[in-house]
Every structure is written in C-alpha cells, then in structure tokens.
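The structure is shown first, and the details follow.

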Amino acid sequence: MKIASFNINGIKARLPRLKEWLEETRPAVACLQEIKSMDENFPASEFEDIGYQAIWHGQKSFNGVAILADGQAPVEKKRGLGIDGPNDGEGEQARYLEADVNGIRVCNLYLPNGNPQPGPKFDYKLDWMKLLRERMQELLAAEQPTVVLGDFNVIPEDKDVWSVKAMADDALMQPASRDAYARLLGDGWTDAIDTLNPRGGVWTYWDYQAGAWPKDHGFRIDHLLLSPQAADRLVAAGVDKEYRGREKASDHAPVWVELKD
C-alpha cells in the first residue's frame, strides 16, 4: 500500500501536474497540503474522473489540506487540532486532517512555517507542535497502524539541508523546532525517509528563487512518520524528485512510503 504526501502549492495552479502525478504513480492514498482553496471550490470531480475520492479542509488563499484515496472514500476521523492562528480573531487555520483508509490511520498536516523568528509566528509554530505531539501520543496509545505525514516545515538535522549556513537563521532549522520534531521520534515514531537514507542528502523542497532547483539547493521538510505497527510493515520510501522539474511544478516534490498489506 503506497501512501504519499504532496505540498501542491495551490491546487488550481497545479491541477494538471497533480493529476499527472496521480495517474503516473497511482498511490493508494495521496495527502495534499497548501491546496489554497475554500471548501466549496475544491475540484473533487477532477479526481473522481481518475478514480480518486477525497475529503478536504480548505481555507481561502492560504493553507488547506486534503486526503485522496484510490477507489474509495477516506473515512474522516478528525480535522484540526483546536489551536487558533497567530493573529487576533483569525480562528483555526486549515492545517490538519485525519482519515482511515484500508485499516490505516492517515494524518495529513501542514505545520506552520514560523518565520520570521523570533516572534508570534514562531511561537505559534511551537505551540502547534506541542498540540501535535499530544495528538500523536493518543494515536500511539490506540495501537493502530498510523502514518503522520505532510509538510512539517522542519529540517531535522544538518544532513537534511544543502547549506547549514544558508538556512541557519530560518525557523525551519532553529533548535526549538528541531527539538520538538526529535521529541516526536523519541515517543516512538519512525521517520521513514531518514531510516532508509541515514546519510541524508535527500531533499523534498527547492525554492523558486536563486536557481535552487538547477543547483540542487534543497532541503528535507516533508516527512512520513510511522507508528510501530506501521513501521513493522515498511517496505520502501522515497521522493518523486523528477516532478519538481516539470513545467509549472510545485516547489515541493511528492514523498511516499510503501507498506506491506
């Protein structure tokens, strides 16, 4: 069973590339982040045409997550973590969605970026990660095969970035961000990409600026975390890097994990 994550950076702008990827790689489950679409504008019929059913949690112009399943409807279990955005009166941002598919709990997230730091956006990032950890501890206690995946906006270690110096002041690499991510792993979650690529050097994101893609100046911020029950079924994990190089591509590449049935 192949479960994938793709920060699509605007579902309307990337729809042809997204459908292309789905049809060419055919994951059983595809989790999308940054759909940047209100609920009523989500193009569900476009995915139904190629055999996918979807649930989604949208927001105008920003954020937004969706879960697509091949040949069936994901069974929604939870949306949101119950934390308001960093701006007064903003309400909760559309960043979290859980569903069951084929006996697997799939938790799709778009973690706050946190820049500029220090400041309220970075504080919000850390508060969000605290609530995420609490939810992930509940999921561990349930002992169901679970995959928590998406754009975590955290570069876990120096081996996960093309230049430590270039990103040193970014919220993605601050000690507090890394510590919060490490605590998730310490609770018992397995980082699938890192487990199979212990030397690092695997990127999932390349900025549109400064020639980052042709220079391969990237870093790893899209992660697939497996509960012990899911980690026991781990077959493979990887990055569909070539899709970053296509015309009008997202600045992220899809990441995926394959589990034994």
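Asn-153 sits in the loop that runs between strand E8 (146-151) and helix H4 (164-167). The model is a predicted one. Although Asn-153 is not a glycine, its phi is positive, at about 50°. Its relative accessible area is 4%, and because the cut-off for buried is under 20%, Asn-153 counts as buried.

Lys-248 also has a positive phi, near 55°, and is likewise a residue other than glycine. The loop that holds Lys-248 lies between strand E13 (234-239) and strand E14 (255-259). With a relative accessible area of 59%, and since exposed means over 50%, Lys-248 is classed as exposed. As background, most residues other than glycine have a negative phi.

## Cis peptide bonds

One joins Asn-115 and Pro-116, with omega about -5°. Pro-116 is placed between strand E7 (104-110) and helix H3 (120-142).

The other cis bond runs from Gln-117 to Pro-118, and its omega is near -5°. Pro-118 is found in the loop between E7 and H3. In general, most peptide bonds are trans.

## The six-stranded sheet

What is the order of the strands in the open sheet? Six strands make it up, in the order E3-E4-E2-E1-E14-E13, and the pairing is mixed. Strand E3 (52-57) and E13 stand at the edges; each has a single partner strand, so one side of each is left without a neighbour in the sheet. From one strand to the next, the twist averages 15°.

Within this order, strand E1 (residues 2-7) pairs with E14 in the antiparallel sense, over four bridges. Ala-4 has Trp-256 of E14 as its bridge partner. E13, at an edge of the sheet, and E14 are the strands on either side of the loop that contains Lys-248.

## A proline in an exposed loop position

Pro-198 lies in the loop between helix H6 (192-196) and strand E10 (205-206). Is Pro-198 buried or exposed? Its relative accessible area is 55%; because the cut-off for exposed is over 50%, Pro-198 is exposed.

Pro-198 and Ile-35 are 163 residues apart along the chain, and their C-alpha atoms are separated by 31 Å.

Notes: Residues are numbered from 1 along each chain as its sequence is written. This is a predicted model: local features need pLDDT of at least 70, side-chain atom pairs count only at pLDDT 80 or more; totals for chains, interfaces and linings use all residues. Side-chain values use heavy atoms; hydrogens and water are left out. Helices (H or I, at least four residues) and strands (E, at least two) are DSSP runs, numbered from the N terminus. Buried means under 20% relative accessible area, exposed over 50%, partly exposed in between (1.4 Å probe, protein chains only). Two strands pair if DSSP finds at least two bridges between them. Axes are lines fitted to C-alpha atoms, for helices over the stretch in contact, and angles run from 0 to 180 degrees between N-to-C directions.
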